[in-house]
Amino acid sequence: KGGITMNHYFTDNRHLAENRKEISFRFWCITYSFISDNGVFSKDNIDFGTKVFLDTLLKREEMGNRILDVGCGYGPIGIIVKKTYPDKRVEMVDVNPRAVLLAKENAQRNNVDVYAHESNIYEQVDGKDYTDILTNPPIRAGKSVIYKIFEEAYERLCKDGSLWVVIRKQQGANSAVKKINEIFGNCDIVNKEKGYFILKAKKY
């Protein structure tokens, strides 16, 4: 394991050669344009889990007004949520500086005003009054990182705030449900599609 992690999308990988490409993504009658690059998650297309996650989130219309996207990558989730609900405040964080730069650029490309910045999970996150925390967690970072995202989400959410997670069954969805239940006292599987689970937990 030692030494190989530097090129993963959840690390600081500014030394990687650039290979920028444009991804066109049509969602709910709007065509979005994203720039991706080497060293970011799902660099060749918007992954299916993100599509299912967005579809589930935006159909339910349950989100409050202060949203945090943890592990935002080059920004599709936060940007599309903001485009759909322009009045909501959307903040996006990622540990990977290249991903954050792309997220900022992609927000401009799609004419949305989001706050994207670098943070190792919640280290550079100030608020403790988020209505919703969204995450497509970096599976390859390992359980300890993923569970830290879940655990510290509880502290960052306001009362009645929600944690939303997309995770594949074969990448530990069932153990994620168990862990989130331990932290929040509840965890609903609000959608399942082609092995992707969308989880929701509420802070009471």
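At 16% relative accessibility, Tyr147 counts as buried in this predicted model. Phe150 counts as buried too, at 0% relative accessibility. Tyr147 and Phe150 both belong to helix α4 (residues 143–156), and because they are three residues apart, about one helical turn separates them. An α-helix has 3.6 residues a turn, so residues three or four places apart point the same way.

Lys179 lies in helix α5 (residues 173–184). Its contacts, with neighbours within four places in sequence left aside, are Tyr147, Phe150 and Glu151. Lys179 has a relative accessible area of 17% and is therefore buried, since the cut-off for burial is under 20%.

Helix α1 covers residues 48–60. Its 13 residues should span 18 Å at 1.5 Å a residue. The end C-alpha atoms are 19 Å apart, which agrees with that expectation. Buried residues of α1 are Gly49, Thr50, Val52, Phe53, Leu54, Thr56, Leu57 and Leu58. Among the cover are helix α2 (76–84) and strands β1 (21–27), β6 (130–135) and β7 (157–168). Strands β8 (188–193) and β9 (196–202) are also included. After α1 comes Glu61, with a positive phi near 50°.

Aromatic pairs were examined next. The structure holds seven of them. In one, Phe48 and Tyr196 have ring centres 5.8 Å apart and planes at 55°, so the pair is tilted. Phe48 lies in helix α1 and Tyr196 in strand β9, so the pair ties together parts that are 148 residues apart in sequence. Elsewhere, ring pairs link Phe25, Phe27 and Trp28 into a cluster.

Charged side chains also sit over rings. The charged end of Arg66 is placed over the ring of Tyr130, 4.4 Å from the ring centre. For Lys88, the charged end sits over the ring of Tyr85, and the distance to the ring centre is 5.0 Å.

Definitions and conventions:
Residues are numbered from 1 along each chain as its sequence is written. This is a predicted model: local features need pLDDT of at least 70, side-chain atom pairs count only at pLDDT 80 or more; totals for chains, interfaces and linings use all residues. Side-chain values use heavy atoms; hydrogens and water are left out. Helices (H or I, at least four residues) and strands (E, at least two) are DSSP runs, numbered from the N terminus. Buried means under 20% relative accessible area, exposed over 50%, partly exposed in between (1.4 Å probe, protein chains only). Contact means heavy atoms within 4.5 Å. The expected span of a helix is 1.5 Å times one less than its number of residues. Rings of Phe, Tyr and Trp (its six-membered ring) pair if their centres lie within 6.5 Å; planes under 30 degrees apart count as stacked, over 60 as edge-to-face and the rest as tilted. A charge sits over a ring if NZ of Lys or CZ of Arg is within 6 Å of the ring centre and within 35 degrees of the ring normal.
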